[in-house]
Amino acid sequence: MAAIESVLQEQRVFAPPQALVAQAKISGMPAYEALCAEADKDYEGFWARQARENLAWHKPFTRVLDETNAPFYTWFEDGQLNASYNCLDRQIEAGLGDKNAILFEADDGTVTAVTYRDLLARVSRFANALKAKGVKKGDRVVIYMPMSVEGVVAMQACARIGATHSVVFGGFSAKSLNERVIDAGAVVVVTADEQMRGGKALPLKAIVDEALAMGGCEHVKSVIVYRRTGGNVTMQAGRDEVLQDLVAGQSDQCEPEWVGAEHPLFILYTSGSTGKPKGVQHSTGGYLLWASLTMQWTFDIKPDDVFWCTADIGWITGHTYIAYGPLAVGATQIVFEGVPTYPNAGRFWEMIARHKVSVFYTAPTAIRSLIKAAEQTPAVHPKQYDLSSLRILGSVGEPINPEAWMWYYENVGGGRCPIVDTWWQTETGGHVITPLPGATPLVPGSCTLGLPGVAVAIVDETGQDVPNGQGGMLVIKRPWPSMIRTIWGDPERYKSSYFPSELGGKIYLAGDGSIRDIKTGYFTIMGRIDDVLNVSGHRMGTMEIESALVANPIVAEAAVVGRPDDTTGEAIVAFVVLKRSRPTGDEAKQLALELRNWVGKEIGPIAKPKDIRFGDNLPKTRSGKIMRRLLRVIAKGEEITQDTSTLENPAILEQLKQAQ
Ligand code: WTA
């Protein structure tokens with residue numbers, strides 16, 4: 001490890017700025033290495049120290065890690081705490097009551113500041129309102145909300161009373177929402193009348209109504225509706241109530257419910273390689289520790305920082321780095337309702353200047369689309385804005401290509417700001433592999449090294465470590481505090497998805513391919529090794545989309561693959577066989593449009609295939625297996641060089657090559 005600086009001198013490497021190193025929480029590579037060594041020497045002792053120093057415990061834990069029921073690991077199990085207490089009361093007790101917790105910028109640019117004291121009062125009122133609705137510790141609450149202060153308040157309020165929230169991204173369809181409400185067994189749904197995005201009002205409550213009317217949701221006793229736009233909605237008497245009316249009569253004091261460290265803080269659904277989304281269950285203690293620690297380690301958060309994570313609270317990034325992490329460390333953060341391109345593609349840069357954002361965390365897809373916009377319209381180029389407040393930049397959700405990295409580094413960061421390319425997943429709870437801004441020399445396109453105390457490695461199919469320079473499967477060899485605890489209601493699937501018996505049943509399989517640099521050991525992520533696509537940083541299962549397509553009465557068969565895309569990382573391509581004869585020309589165009597909208601209704605607009613091609617059949621082996629690797633080649637528009645002699649129907653390839 002000591003060799004990293006010298007080896008990297010030969011490559012295109014960006015050392016952290018001295019000023020940043022001098023005051024960083026982890027200052028210089030030796031400090032990073034010392035933490036790694038401490039964790040190596042006494043793994044449990046290391047994590048116990050972090051948990052004691054970074055969280056306020058109502059009842060201290062005496063046990064650290066329990067591996068007896070692997071892979072159902074527990075951390076700090078006999079300790080008790082409350083996540084909302086740690087995020088709010090603790091800050092006020094430390095004298096931060098008048099500090100801004102949230103600067104909310106609405107779609108139309110209106111800014112609302114919420115101090116820690118205000119936020120606690122709002123969370124307490126909402127928590128009391130939930131209690132008045134009969135919500136108890138352990139009950140599940142589905143949150144289907146726009147980006148808003150109220151969305152964060154709803155999550156924190158659940159945490160305050162020990163209810164387990166499950167946030168569903170506002171872009172999911174009624175059907176997806178219905179499935180998640182049923183799987184979670186929710187007793188309450190929190191939503192808004194509409195959401196404002198890019199100057200347009202989009203319905204939310206109407207989708208909730210549709211979802212609940214689909215059946216199976218009898219356990220939902222109340223729907224709480226935040227009046228965002230005042231748009232027209234139907235309110236069902238006895239079930240639906242306006243949030244503003246509900247909280248008005250509630251006390252702004254609510255005693256936190258102390259829960260065990262393993263108490264499920266939330267369930268968040270994510271796509272896997274089979275059709276049904278997985279309800280990833282997270283703990284309270286281990287998860288919150290990670291949220292707090294990575295704010296300090298990865299973002300080196302300081303009292304005067306203005307932090308902005310552009311993710312939506314419907315995804316894990318919005319959970320850990322909006323709803324919990326920034327508050328757990330007493331930071332000021334921006335919460336943004338709108339989209340990066342409204343009123344123009346300079347919105348992000350304008351907001352950084354307006355709020356003097358110092359730590360900015362976004363996704364490669366956003367960067368790539370803003371590069372295009374800046375090339376087309378010089379007025380929205382980041383150079384037109386005062387971005388001098390920035391000190392650290394972050395990237396998340398998908399691989400960032402070196403070109404986009406360089407543009408981000410030079411044009412947004414002015415060559416002064418380290419980029420933390422953070423690799424992690426819904427299941428990991430927070431960052432796992434990432435540069436540290438005051439320590440790690442950066443190489444564009446590499447997420448560099450694992451955090452101290454996380455045993456990341458690359459193995460082959462038999463679980464053997466592969467040497468540096470050789471690709472393999474990314475794994476985490478020891479349990480870590482913020483890891484997924486189980487798949488809600490499906491412990492067997494948890495075991496088979498993440499702890500395959502071929503690897504011994506105890507090692508966490510991430511589902512990504514990776515390779516380490518021969519000399520430095522730096523990790524580069526090579527994308528998913530399963531049937532999961534990453535479109536604009538959104539995880540999507542190919543089988544999920546295939547199931548949606550074949551649910552349409554005109555579709556006989558469908559196969560979905562990914563194709564590299566300059567802006568969205570990957571794009572969805574669907575090969576479809578209809579029950580009727582193969583359409584061509586205008587009819588094919590019309591049917592492709594219908595099927596795209598159909599998928600939008602079944603799953604959500606983010607799952608709409610970019611390209612749909614119709615065939616008389618799909619390329620299959622003689623035993624009837626669809627040859628997806630050939631479809632991937634066709635989707636890319638490349639020539640097929642592989643052996644096709646095992647194909648039952650080789651002529652089909654020519655047909656599928658023709659775009660509609
Ligand atoms: C991908 C998002 C490369 C990866 C936090 C992972 C990345 C999946 C990176 C998880 C990165 C995330 N570089 N790939 N820095 N970060 N990924 O659950 O394939 O929505 O498995 O969590 O995104 O997506 P998820």
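Figure 1. At a relative accessibility of 29%, Lys657 is classed as partly exposed. This close-up, like those that follow, is taken from a predicted model. Lys657 forms a salt bridge with Glu654, and their closest N and O atoms are 3.0 Å apart. Both residues belong to helix α20 (residues 652–657), where they stand three residues apart and are therefore separated by about one helical turn. Glu654 is also partly exposed, with a relative accessible area of 49%.

**Figure 2. The salt bridge between Arg49 and Glu53 in helix α4.** The closest N and O atoms of Arg49 and Glu53 lie 3.2 Å apart in this salt bridge. Because the two residues are four positions apart in helix α4 (residues 43–54), about one helical turn separates them. Arg49 is partly exposed, its relative accessible area being 28%, whereas Glu53 is exposed, with a value of 52%. Both residues fall within residues 32–87, which the unreviewed UniProt entry annotates as the feature "domain: Acetyl-coenzyme A synthetase N-terminal".

Figure 3. The side chains of Glu350 and Arg354 form a salt bridge with an N-to-O distance of 2.9 Å. Glu350 and Arg354 are four residues apart in helix α13 (residues 347–355), so about one helical turn lies between them. Arg354 is partly exposed at 38% relative accessibility; Glu350 is likewise partly exposed, at 27%. Together with Glu105 and Arg347, these two residues are linked in a network of salt bridges. Within α13, Arg347 is buried, as are Phe348, Trp349, Met351, Ile352 and His355. The helix is followed by Lys356, which has a positive phi near 50°. In total, the structure holds 39 salt bridges.

**Figure 4. Polar contacts between the protein and the ligand.** A polar side-chain atom of Asp421 is placed 2.7 Å from a nitrogen atom of the ligand. Pro399 contributes a backbone N or O atom, 3.4 Å from a nitrogen atom of the ligand. On Arg539, a polar side-chain atom lies 2.7 Å from an oxygen atom of the ligand. The ligand on its own has 530 Å² of accessible area, of which the protein covers 95%.

**Figure 5. The shell of residues around the ligand.** The ligand is surrounded by 17 residues, and the closest of these are Asp421, Thr422, Thr426, Asp512 and Arg539. By class, the shell comprises six nonpolar, six polar and five charged residues. At least two shell residues come from each of three elements: helix α12 (316–328), strand β20 (419–422) and strand β25 (523–528).

Key:
Residues numbered from 1 in each chain as written. Predicted model: local features only at pLDDT ≥ 70, side-chain atom pairs only at ≥ 80, totals over all residues. Heavy atoms only, no water. UniProt positions renumbered as here; feature names shortened; annotations may be inferred. Near = heavy atom within 4 Å. Polar contact = N/O pair within 3.5 Å; in protein donor to acceptor, adjacent residues only side chain to side chain. Areas by Shrake-Rupley, 256 points an atom, 1.4 Å probe, with all protein chains shown as cover. Nonpolar A, V, L, I, M, F, W, Y, C, P; charged D, E, K, R; others polar. Salt bridge = Lys/Arg side-chain N within 4 Å of Asp/Glu carboxyl O. Buried < 20%, exposed > 50% of the residue type's maximum accessible area, 1.4 Å probe, protein only.
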